[in-house]
Structures are given as C-alpha cells and as structure tokens.
Amino acid sequence: METAIIIGVCAIALILFLYLVPIGIWFQALISGVHTSLVQLVFMRFRKVPPTVIVNNMISASKAGLKIHQNDLEAHYLAGGHVNSVVNALISADKANMNLDFKTATAIDLAGRDV
C-alpha cells in the first residue's frame with residue numbers, strides 16, 4: 001500500500017515538473033541557436049506567457065537574421081499584442097528592404113491595425 005502511494009506521488013511530481021519545465025521547447029531553442037534558459041521558460045509559465053509562442057517566434061526571427069529579445073516579445077504578448085503577426089511583419093519588411101523597427105511594429109499592432 002505504501003509503495004503505491006509513493007509511486008503515485010512520484011508520478012504526480014514528475015508530471016508537474018515536466019509541465020513547469022518545458023524541456024522540449026528549451027532543446028528546440030538550443031538546437032536552433034536561440035539562447036534561452038530553462039529558468040526563463042519556467043518563469044514564462046508563471047507569468048502566463050506561452051513559451052512555445054515566444055520561442056517559435058524567436059527562432060523565426062533568428063533564422064531570418066533579426067535580433068529580437070525575449071523580454072520584448074513577452075512584453076508585447078502581455079500587452080495584448082499578436083507576437084506572431086509582429087515577427088512576420090518584421091521579417092517581411094526586412095526582406096523587402098523596408099525600415100520597420102520592433103517598436104513601430106508593436107505600436108501598429110497594439111493600435112488594432114494589421115501589421
């Protein structure tokens with residue numbers, strides 16, 4: 001009986017650990033050359049920011065040759081912005097040789113306009 005309780009508690013602890021510490025997302029970022037730490041990903045969960053949204057957009061920007069900081073993307077998400085739209089607009093603008101910086105793109109997005 002005690003063994004079953006211990007196994008159950010360990011299983012619940014493992015599930016909780018794997019939920020809070022998104023190892024798969026961290027490994028994906030590491031392989032893609034985007035620098036983030038497991039601690040930052042855990043804190044994102046506590047701040048109610050989906051790590052997959054931030055990391056995937058950081059990878060897209062990095063592969064397109066853009067430098068976008070994780071904190072900037074998180075702040076835009078928490079402000080109610082569409083992170084994916086902003087990153088895609090920045091990539092498109094860069095490829096079209098247009099001057100569009102991150103602050104301008106986020107301002108357009110937060111104003112309710114389509115970037």
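Modeller: V55 is buried, with a relative accessible area of 1%. Buried means under 20% relative accessible area, exposed means over 50%, and partly exposed is in between, with a 1.4 Å probe and protein chains only. This is a predicted model, in which local features need pLDDT of at least 70 and side-chain atom pairs count only at pLDDT 80 or more, while totals for chains, interfaces and linings use all residues. Residues are numbered from 1 along each chain as its sequence is written, and side-chain values use heavy atoms, with hydrogens and water left out.

V55 is part of helix α4, and this helix is the part to look at. Helices (H or I, at least four residues) and strands (E, at least two) are DSSP runs, numbered from the N terminus. Leaving aside residues up to four places away in sequence, V55 touches I25, A29 and L41. Touching here means contact, that is, heavy atoms within 4.5 Å. Q28 is 27 residues from V55 along the chain, and the C-alpha atoms of the two are separated by 8.5 Å.

Another set of residues in α4 meets helix α6. The axes of α4 (residues 51–63) and α6 come within 10 Å and cross at roughly 0°. That makes the two helices, α4 and α6, roughly parallel. Axes are lines fitted to C-alpha atoms, for helices over the stretch in contact, and angles run from 0 to 180 degrees between N-to-C directions. Angles under 35 degrees count as roughly parallel, over 145 as roughly antiparallel, 65 to 115 as roughly perpendicular and the rest as oblique. On the α4 side the contact is made by V53, I54, N57, S60 and A61, and on the α6 side by V83, N84, V87 and I91. Sorted by class, this contact has six nonpolar, three polar and no charged residues. In this sorting Ala, Val, Leu, Ile, Met, Phe, Trp, Tyr, Cys and Pro count as nonpolar, Asp, Glu, Lys and Arg as charged, and the others, Gly among them, as polar.

I54 of α4 is also touched by E74, as are M44, R47 and V49, not counting residues up to four places away in sequence. E74 belongs to helix α5. Its relative accessibility is 4%, so E74 counts as buried.

Helix α5 (residues 70–78) in turn packs against α6 (residues 83–95), where the axes come within 9 Å and cross at roughly 130°. The pair α5 and α6 is therefore oblique. In this contact L73, H76 and Y77 of α5 meet V83, V86 and V87 of α6.

V86 lies in α6 and is buried, at 0% relative accessible area. Apart from residues up to four places away in sequence, V86 touches H76, F102, A105, T106, D109 and V115. V49 is 37 residues from V86 along the chain, with 16 Å between their C-alpha atoms.

Most residues other than glycine have a negative phi. K48 is not a glycine, yet its phi is positive, at about 65°. K48 sits in the loop between α3 (38–46) and α4, and counts as exposed at 68% relative accessibility. N97 is also not a glycine and has a positive phi, of about 55°. N97 is placed in the loop between α6 and α7 (102–110), and with a relative accessible area of 73% it is exposed.

Now the whole chain. The protein has seven helices and zero strands. Of its 115 residues, 32% are buried. The radius of gyration, taken over C-alpha atoms, is 18 Å, whereas a compact globule of 115 residues would have a value near 13 Å. The globule rule is 2.2 Å times the number of residues to the power 0.38. Along the principal axes, the C-alpha atoms fill a box of roughly 65 × 30 × 15 Å. Among contacts between residues at least 6 apart in sequence, 51% join residues at least 24 apart.
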